[in-house]
Amino acid sequence: MVVLVGVAGTAEGATRAAAPPGEPATGAAGTAEHAAAGLAGAPEHGISWIRAGGRTPFALTPTATPPRETLKWRPCGKKARTAASPQCADLRVPLDPARPDGERITLALSRFRATGAARGSDHLGVLLVNPGGPGAAGRSMAGHVSAKLPADLAKRFDVVGFDPRGVGGSRPRLSCVSPDAYFRAPRPDHEPADAAAENRLRQRAKRYADACRAKNARLLPHTTTVNTAHDMDAIRAALGEDKISYLGYSYGSYLGAVYATLYPERVRRLVLDSVVDPGQVWYESNMRQSEAFDARHRDFLAWVARNHRTYRLGDTLAKTSAAWYGMRKRVTARPAAGIVGARELTDIYTTGGYSDAVWPDLAAAFSAYVRKAQAQPLVKAYERFAKVGVGGENSYAGYLANECRDAAWPRDWRRWHADTARLHRRAPFLAWVNTWYNAPCAVWPQPGRRPFDVRGSHRLPPILMFQARRDPATPFQGAVRMRELFPTARLIAETGGNHGVTLSGNTCVDKHLTDYLRDGRAGQVRRTNTAWDARCEALPAPKPARHMSLELPRRLELARLLRR
């Protein structure tokens with residue numbers, strides 16, 4: 001899941017060049033989309049088709065593109081307009097970038113304009129932002145970033161967000177099932193008790209994939225990270241910018257890396273926060289992610305143990321672990337309030353992997369159920385953190401559409417079963433949940449292809465990357481690998497485990513970010529003796545609270561945007 005929920009291992013990079021061992025390769029390099037991956041010319045005047053990272057084995061005749069579209073900005077919503085109010089616009093882009101004169105789809109954009117009165121030489125242009133997913137709508141991210149930037153930078157940047165193809169306000173919009181029916185609680189236990197239970201869960205995943213094919217046949221073949229990167233460049237051109245700056249979180253880091261590979265000459269600043277391993281998209285990354293979430297869940301349980309005086313669930317990790325898995329067993333047999341079963345419980349507590357700001361709420365609900373048999377705090381936590389509505393189902397469809405198409409997934413279920421069973425023995429918290437979350441990819445109507453070849457270039461400006469050491473959604477080694485691929489990159493390591501570290505209240509992290517956004521210099525000498533170039537201490541652990549909060553913690557704001 002670039003749980004991500006998901007979902008952004010085994011032999012590193014196994015899917016980069018071929019399908020999983022023992023299966024036929026899919027997605028030849030000569031397909032139209034991989035040819036389109038060579039787009040790197042001047043889009044306003046024409047497309048220069050070139051080899052994409054040496055993988056496209058032929059050149060295509062240059063094709064003229066339609067004239068650049070003009071964006072018509074309007075107020076977002078019906079609230080009273082002020083100078084700081086967001087603007088919205090729609091942009092038509094090719095459904096298939098390899099056929100620019102063909103059918104078009106619509107992207108939904110938002111913009112928070114630079115607050116400076118004059119747009120002179122100190123104007124820094126556009127900062128395009130993306131919260132990840134894949135499948136996360138991005139327009140609201142622009143508001144978060146604009147509000148968190150220091151005043152001097154808010155005066156100089158236009159912050160632009162966009163809903164990627166098929167997601168949010170973009171049209172057509174992906175949807176496969178009714179969320180009220182498919183995600184109705186309690187759902188089946190994700191840990192199959194026997195072969196028959198496992199087969200029922202496989203059929204459930206197949207029904208979702210079949211429904212996606214039936215309802216989205218036109219869009220699915222063209223919903224990929226590479227095509228979204230081309231959409232980003234169409235946004236740049238429509239904004240009239242020669243270059244753009246970009247801030248991408250989570251899966252958005254992978255999207256930014258793909259864009260930088262395709263369009264290095266179009267990048268002014270590039271910030272990647274919570275970085276996906278480009279060599280493990282996507283089956284292997286989910287296996288590694290499941291293990292990392294298990295470790296982060298143990299961090300939460302250890303924190304509960306340290307706060308035994310508040311929660312009374314045990315003063316050691318062993319005791320709080322026993323209490324949590326005992327709670328899981330109880331809700332499996334009898335869902336709390338008839339709503340929170342094993343699957344819902346795991347979804348609730350997966351939130352704690354994204355941000356420790358929610359740990360006091362999760363611990364309070366945990367304690368209330370185990371010690372007092374109170375179900376309502378768990379139900380409240382489910383409704384607050386894990387219930388899937390229309391937007392969540394659209395996000396899930398967008399997630400699968402991209403990840404199932406971006407890379408080859410095993411088609412033989414025996415591989416999934418063996419890998420998950422082995423992982424579950426040492427990391428039981430999320431192993432089966434993550435497998436079922438991604439299981440539609442085993443039968444996806446559009447087979448995955450060879451992953452895009454992400455690579456850096458000395459033509460790129462300095463790049464700044466941020467990564468928390470114990471982030472489970474994008475484990476640290478992925479950032480190290482991405483840094484190795486980009487010779488102009490610098491990596492700032494944060495010692496905590498939250499997913500998304502910039503603009504979240506860490507002054508050390510934010511100073512690195514804002515200094516870079518001001519002058520474009522990474523500021524650190526690239527080290528050769530460590531995997532990172534500078535380090536920031538994490539924010540302090542949250543304080544315990546006996547009862548759930550009435551409102552969401554402010555520190556959770558970014559995590560809510562990043563977690564679909």
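Predicted model: local features only at pLDDT ≥ 70, side-chain atom pairs only at ≥ 80, totals over all residues.
Me: What does the secondary structure of the chain come to, and what share of the residues is buried?

Reply: The chain holds 19 helices and 10 strands. Of its 564 residues, 60% are buried.

Me: How many disulfides does a search of the whole structure find, and how are the bonded cysteines paired?

Reply: The search finds 4 disulfides. When the bonded cysteines are numbered in sequence order, the pairing reads 1-2, 3-4, 5-6, 7-8.

Me: Are Cys76 and Cys88 buried, partly exposed or exposed?

Reply: The cut-off for buried is under 20% relative accessible area, and exposed means over 50%. Cys76 has a relative accessible area of 23%, so this residue is partly exposed. Cys88 stands at 8% and therefore counts as buried.

Me: Where does the disulfide of Cys176 and Cys212 lie, and which hand does it have?

Reply: The sulfur atoms of Cys176 and Cys212 are 2.0 Å apart. With a torsion of about 105 degrees about the S-S bond, the disulfide of Cys176 and Cys212 is right-handed. This pair links distant parts of the chain: Cys176 is in the loop between strand E5 (157-163) and helix H4 (179-182), and Cys212 is in helix H5 (residues 195-216), 36 residues apart. Both Cys176 and Cys212 are buried.

Me: Why is the disulfide of Cys404 and Cys441 left-handed?

Reply: The disulfide is left-handed because the torsion about the S-S bond of Cys404 and Cys441 is about -80 degrees. The distance between the sulfur atoms of Cys404 and Cys441 is 1.9 Å. Distant parts of the chain are linked here, with Cys404 in helix H14 (residues 390-406) and Cys441 in the loop between helix H16 (431-438) and strand E8 (463-468), 37 residues apart. Cys404 is buried at a relative accessible area of 1%, and Cys441 counts as buried at 2%.

Me: Let us turn to salt bridges. What is the general idea, and how many are there?

Reply: Side chains of opposite charge can pair when their charged atoms come close. In this structure the count comes to 32 salt bridges.

Me: Which parts of the chain does the salt bridge of Glu191 and Arg328 tie together?

Reply: The side chains of Glu191 and Arg328 meet in a salt bridge with an N to O distance of 3.4 Å. Glu191 is found in the loop between H4 and H5 and Arg328 in helix H10 (residues 317-333), so the pair ties together parts that are 137 residues apart in sequence. Glu191 counts as partly exposed at 21% relative accessibility, whereas Arg328 is buried at 8%.

Me: Where in the chain are Asp299 and Arg470?

Reply: Asp299 and Arg470 form a salt bridge, and their closest N and O atoms are 2.7 Å apart. The pair links distant parts of the chain: Asp299 lies in helix H8 (residues 283-306) and Arg470 in the loop between E8 and helix H17 (476-485), 171 residues apart. Asp299 has a relative accessible area of 19% and is buried; Arg470, with 40%, is partly exposed.

Me: How exposed are Asp519 and Arg521?

Reply: Asp519 counts as partly exposed at 36% relative accessibility. Arg521 is exposed, since its relative accessible area is 57%. The side chains of Asp519 and Arg521 meet in a salt bridge, 3.5 Å from N to O.

Me: Which residues are linked in a network of salt bridges?

Reply: One such network links Asp152, Lys511, Asp515 and Arg518.

Key
Residues numbered from 1 in each chain as written. Heavy atoms only, no water. Disulfide = S-S within 2.5 Å. Buried < 20%, exposed > 50% of the residue type's maximum accessible area, 1.4 Å probe, protein only. Helix = DSSP H or I, 4+ residues; strand = E, 2+ residues; numbered from the N terminus. Salt bridge = Lys/Arg side-chain N within 4 Å of Asp/Glu carboxyl O.
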